[in-house]
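Dear colleague,

Please find below the sequence and structure that I am handing over to you. My notes on the findings follow directly after.

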Amino acid sequence: MKHYKTYIGGEWVETGQTINVIDKYTGETIGVVPRASEKDVDKAIAAAQEAFEEMKSMPAYKRSEILEKAANLIKERSEEIATMICREAGKAWKYSIGEVNRGYETFKFASEEAKRIHGETVPMDASMGGVGRVGYYIRVPMGVIGGITPFNFPLNLVAHKVAPAIASGNTVVLKPASTTPITALILAEILEEAGLPKGAFNVVIGPGGEIGEVIVKDYRVRKITFTGSAKVGDRITRLAGIKRVTLELGNNSATIIEKDADMDKAIPRCVDSAFANSGQVCISLQRIYVHKDIADEFTEKFAKATENLKVGNPVERDTDLGPMIDENEAKRAEEWIKEAINQGAQLVTGGTREGRVLKPTVLRNTTKDMRVMCMEVFAPIVSIVEYNTLEEAIQHVNDSDYGLQAGIYTNDIRKIHYAIDNLDVGGVMINDTSIFRVDHMPYGGNKMSGIGREGVRFAIEEMTNIKMVMINLN
Ligand code: NDP
């Protein structure tokens with residue numbers, strides 16, 4: 001067990017109080033990290049504000065170099081970081097190493113994007129009042145950015161806040177989830193070694209309702225970038241005051257399986273999409289709408305593939321899914337399954353729990369008002385629902401408070417375009433499920449799934465202000 005220090009103002013510091021971080025499978029304490037007080041948050045914000053003077057004038061090539069070096073250091077330390085994600089988040093090895101590879105790419109994309117942040121010229125003489133004037137705009141960094149991140153991607157969701165912020169010359173105060181803070185401290189070591197100026201990246205660890213809110217309310221913080229639940233996102237919008245807020249929130253993601261779908265491709269992909277990281281992914285597949293003519297065959301094959309998954313210790317290389325983040329969450333999910341069954345759902349497979357580990361669970365005959373359908377389940381639970389027409393399936397998908405991503409399996413070009421035009425989501429995945437994401441694409445949701453977009457270039461747009469320049473030649 002290691003005692004960690006946290007990183008504030010370019011120094012490794014203790015705070016007097018601590019938080020124990022446990023291995024989510026074994027329950028063993030794997031690290032002790034400093035718990036920040038309001039005073040520590042204040043120091044971190046002051047340090048970030050001071051460092052902004054240096055960051056805002058750092059040339060693009062230099063910012064790019066630091067990010068590239070950080071990307072390479074992530075790659076060098078990939079085994080160590082993946083093992084930490086396995087243990088502190090309970091994420092199976094294959095997904096943990098996958099997350100590290102994506103974290104590497106996110107930094108790499110940011111190092112490239114740092115070199116192409118620019119505005120455009122404005123044809124001033126399009127207005128009678130603009131004749132004889134030259135106009136253009138540039139993009140400038142905002143200042144201190146407050147990043148607040150969830151437990152389920154301790155590296156890559158932190159990377160999605162930190163890398164674009166550095167690329168665009170901002171500074172960051174990060175509050176990672178208290179259950180998974182060690183990966184963020186490893187990232188701080190990497191950024192220090194990569195040559196990031198002191199104070200440009202700071203980590204404060206502690207309960208969101210306490211120190212998260214201190215960051216959100218502080219007037220020196222110019223922007224909040226948050227990934228987490230809709231409930232907390234809603235609270236942040238109310239507390240933030242006049243500052244920009246980007247929210248990446250939840251979903252009860254759906255995928256449609258049309259009659260002509262390639263089942264051999266769709267079924268394994270849907271199984272993976274429902275149960276990766278024990279269903280604790282914002283775009284986890286939760287609702288599968290299957291055309292009635294193929295629903296029995298689909299369900300049978302899907303259940304068989306689900307029963308073949310290896311459930312166990314995430315550090316073992318062949319484990320498919322490990323524990324949930326805590327026992328209360330696993331109990332909550334088990335209760336939702338029981339409630340659905342009492343309301344008439346059929347349990348196809350799974351449904352049992354041991355401590356934090358919930359067996360991958362498949363339900364059928366679920367209806368839209370059941371909690372496993374209409375709320376974000378964030379657990380290894382998926383519902384298979386039959387439909388008659390594509391129009392009806394799309395209405396079901398849209399009948400949700402959320403709108404992050406959705407998928408559809410079909411090769412019919414008319415149906416593909418109908419789905420693209422009518423699904424009310426931030427991303428439509430054709431011949432794939434809701435879970436598809438690579439880190440340079442625009443990513444984010446409609447309705448309660450959030451405000452704004454991430455994906456390095458798009459996050460940079462949200463982390464910069466437009467500055468208009470006019471030169472009067474008259
Ligand atoms: P939470 O919303 O509970 O927590 C997210 C972060 O916010 C944590 O760091 C937490 O701190 C902090 N926090 C909690 N309360 C407050 C508050 N009042 N003010 C400021 N910060 C606060 O989410 P989870 O960690 O449980 O993550 C799961 C959620 O994240 C799901 O809803 C999921 O869909 C969503 N998510 C969305 C993604 C997207 O890109 N759209 C991607 C991944 C997840 P602490 O926990 O330390 O108290």
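Phe275, Phe298 and Phe302 are linked into a cluster by ring pairs. Rings of Phe, Tyr and Trp (its six-membered ring) count as a pair if their centres lie within 6.5 Å, with planes under 30 degrees apart called stacked, over 60 edge-to-face and the rest tilted. By this rule there are four aromatic pairs. The centres of the Phe275 and Phe302 rings are 6.4 Å apart and the planes stand at 50 degrees, so this pair is tilted. It joins distant parts of the chain, since Phe275 belongs to helix H9 and Phe302 to helix H10 (residues 295-307), 27 residues apart. Helices (H or I, at least four residues) and strands (E, at least two) are DSSP runs numbered from the N terminus. Phe298 and Phe302 make a stacked pair, with 5.7 Å from centre to centre and 20 degrees between the planes. Both of these residues lie in helix H10, four residues apart, about one turn of the helix. Phe275 and Phe302 are buried, and Phe298 is buried as well; buried means under 20% relative accessible area, exposed over 50% and partly exposed in between (1.4 Å probe, protein chains only).

As to provenance, this is a predicted model, in which local features need pLDDT of at least 70 and side-chain atom pairs count only at pLDDT 80 or more, while totals for chains, interfaces and linings use all residues. Residues are numbered from 1 along each chain as its sequence is written, and side-chain values use heavy atoms, with hydrogens and water left out.

Two charged side chains are placed over rings. A charge sits over a ring if NZ of Lys or CZ of Arg is within 6 Å of the ring centre and within 35 degrees of the ring normal. The charged end of Lys91 is over the ring of Phe153, 3.6 Å from its centre. Arg437 lies over the face of Tyr443, 3.7 Å from the ring centre.

I turn next to the pockets. On a 1 Å grid over the protein atoms alone, a pocket is an open set of points with protein on both sides within 12 Å along at least five of seven lines, a cavity is a set where a 1.4 Å probe fits but cannot get out, and lining residues have an atom within 4 Å of a point. Grid points are joined across faces, edges and corners, and a volume is the space filled by probe spheres set on the points.

The largest pocket holds about 1100 Å³ of space. Its lining consists of 41 residues, and Gly228, Ser229, Ala230, Lys231 and Val232 lie nearest the centre. Helix H7 (208-217), strand S11 (221-227), helix H8 (230-239) and helix H11 (327-342) are the elements that give two or more residues to this lining. H8 has the largest share, with six residues. By class, the lining has 20 nonpolar, 11 polar and 10 charged residues; Ala, Val, Leu, Ile, Met, Phe, Trp, Tyr, Cys and Pro count as nonpolar, Asp, Glu, Lys and Arg as charged, and the others, Gly among them, as polar. Domain 1 (2-249 + 449-472) and domain 2 (254-441) both contribute lining residues, so the largest pocket lies between them. The domain bounds come from an automatic or database domain assignment.

The second largest pocket holds about 440 Å³. Of its 22 lining residues, Tyr95, Arg102, Phe153, Ile435 and Arg437 are the closest to its centre. Helix H4 (93-113), helix H5 (156-167) and helix H9 (263-275) each give two or more residues to the lining, and H4 supplies the largest share, five residues. The lining divides into 11 nonpolar, four polar and seven charged residues. Domain 1 and domain 2 both give residues to this lining, so the second largest pocket lies between them.

The structure holds one cavity of 30 Å³ or more. The largest cavity has a volume of about 50 Å³. It is lined by 13 residues, with Asn251, Arg287, Val397, Tyr402 and Val425 nearest its centre.

Finally, two backbone angles. Asn277 has a positive phi near 50 degrees although it is a residue other than glycine; it is found in the loop between H9 and strand S14 (287-291) and is buried at 5% relative accessibility. Lys447, also not a glycine, has a positive phi of about 50 degrees. Lys447 is in strand S23 (residues 446-447) and is partly exposed, with a relative accessible area of 38%.

With kind regards
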